[in-house]
Amino acid sequence: MHLDLKPLSECRVLVVDDEEVSRITLLTLLGEHYTVEALVDGNQVIPYCERQKPDLILMDVNMPGVCGLDVCKTLKSREDLADIPVVFVTATFDLDAQNACWEAGATDFISKPVAASTLIHRTRNHLENKLHVDQLLKLTFRDSLTELYNRHYLNVEIESVIKQAVRSQEPIGVLMMDLDYFKAYNDHYGHQQGDQCLRQVAACITNTIRRPQDIAIRYGGEEFLVVLPFTNEEGVSCVAQQILDAVAQQNIAHEKSPLNRVSISIGGVCCTNAHEYSLFQLISIADKALYNAKHEGKNQSRISLV
């Protein structure tokens, strides 16, 4: 199978080491091959990864403040960051130290002083593996037309979102949305143009939900689903309105609609008692709200609170 991988030269490597000589060595050896940035403090790693997710982290074990092992454990406990490979670069190489690295979730380790050829080859191998895994996951869990997540991802992965909301006692929002008069759009403009319309609407949704934990799914045909963890009723309503506005701003021509443009209807639910509902029960409630939005005139949202 041919995989369309991004070039290695576009990969981002994060070096974390409080020793200046080690930091400069890694930056020098890898800088001509990849985009490489360096941090001196383990406390900076999580905020950095939340802003700019690297493809690989090379990290010292022993650092002042928080040690590399604790940083790695925190990364691996985060669903949004757990897939970042961590390679420890360390001078402590006895059996206990190696076991501690594995138990923390390390992908590999490299001994100090660093051998240039070992560093370069292992870095390249880990990046190539990461790119292949990322692309295979994309093929498994992404809709090929819109590049949103697909129903398989919904069935396999999303239930953990409910569990997170239960543990943290936070509300969770779900939005179901459906393009108005889309069959008439396809009949009039053709399915190729219909596909382009779906891609444009999907982009509107993606550009509206900017938090890493928010999830957009192509539910089927012209239906889309958005899951909004840790979002109250006001937030759910706000996101729904933003999506309505974003689709309107695209001003996609639709001669068979009373608005003469493509529009979307949205039904939603905000759940403040996540322990009482499964995700699919919330989807059913959002679907009923969507029916009401359609029945009451389309191009609008209706949000329920449970």
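This is a predicted model: local features need pLDDT of at least 70, side-chain atom pairs count only at pLDDT 80 or more; totals for chains, interfaces and linings use all residues.

Before anything else, a definition: two strands pair if DSSP finds at least two bridges between them. Helices (H or I, at least four residues) and strands (E, at least two) are DSSP runs, numbered from the N terminus. Residues are numbered from 1 along each chain as its sequence is written, and side-chain values use heavy atoms, with hydrogens and water left out.

**Entry 1: the mixed sheet**

I looked up Leu 175 and found that its bridge partner in strand 9 is Gly 268. Strand 6 (residues 172-179) and strand 9 (residues 264-271) run antiparallel, and eight bridges join them. Both belong to an open sheet of five strands, in the order 7-8-6-9-10, with mixed pairing. Which strands stand at the edges? They are strand 7 (215-220) and strand 10; each has a single partner strand, so one side of each has no neighbour in the sheet.

Next I checked what lies on the strands. Helix 7 (residues 159-168) lies across strands 6, 7 and 8, at about 145° to strand 6. Angles here run from 0 to 180 degrees between N-to-C directions, and axes are lines fitted to C-alpha atoms, for helices over the stretch in contact. Contact means heavy atoms within 4.5 Å. Helix 9 (residues 191-208) lies across strands 6, 7, 8 and 9, running at about 10° to strand 8.

I moved on to another open sheet, with five strands in the order 2-1-3-4-5 and parallel pairing. Strand 2 (35-39) and strand 5 (108-111) are at its edges with a single partner strand each, so one side of each is left without a neighbour in the sheet. Three bridges join strand 3 (residues 56-59) to strand 4 (residues 86-90), and Met 59 stands opposite Phe 88. Helix 3 packs on this sheet, touching strand 3 and strand 4, and its direction makes about 180° with that of strand 4.

**Entry 2: two helices**

How do helix 3 and helix 4 lie relative to each other? Their axes come within 8 Å and cross at roughly 25°. The two helices are therefore roughly parallel (that label is for angles under 35 degrees). The contact includes Leu 69 and Cys 72 of helix 3, and Ala 100 and Cys 101 of helix 4.

I found Gln 300 in the loop between helix 11 (279-295) and strand 10 (301-305). Is Gln 300 buried or exposed? Its relative accessibility is 15%, so it counts as buried. Buried means under 20% relative accessible area, exposed over 50%, and partly exposed in between (1.4 Å probe, protein chains only). The side chain of Gln 300 reaches the backbone oxygen of Glu 296 at 3.1 Å. Leaving aside neighbours within four places in sequence, Gln 300 is in contact with residues including Leu 244 and Ile 264.

Asn 299 is in that loop between helix 11 and strand 10 too. Asn 299 has a positive phi of about 55°, although it is not a glycine. At 27% relative accessibility, Asn 299 counts as partly exposed.

Pro 113 is in the loop between strand 5 and helix 5 (116-141).

Note on methods:
A polar contact is a pair of N or O atoms within 3.5 Å; within protein, one must be able to donate a hydrogen and the other to accept it, and residues adjacent in sequence count only if both atoms are side-chain atoms. Angles under 35 degrees count as roughly parallel, over 145 as roughly antiparallel, 65 to 115 as roughly perpendicular and the rest as oblique.
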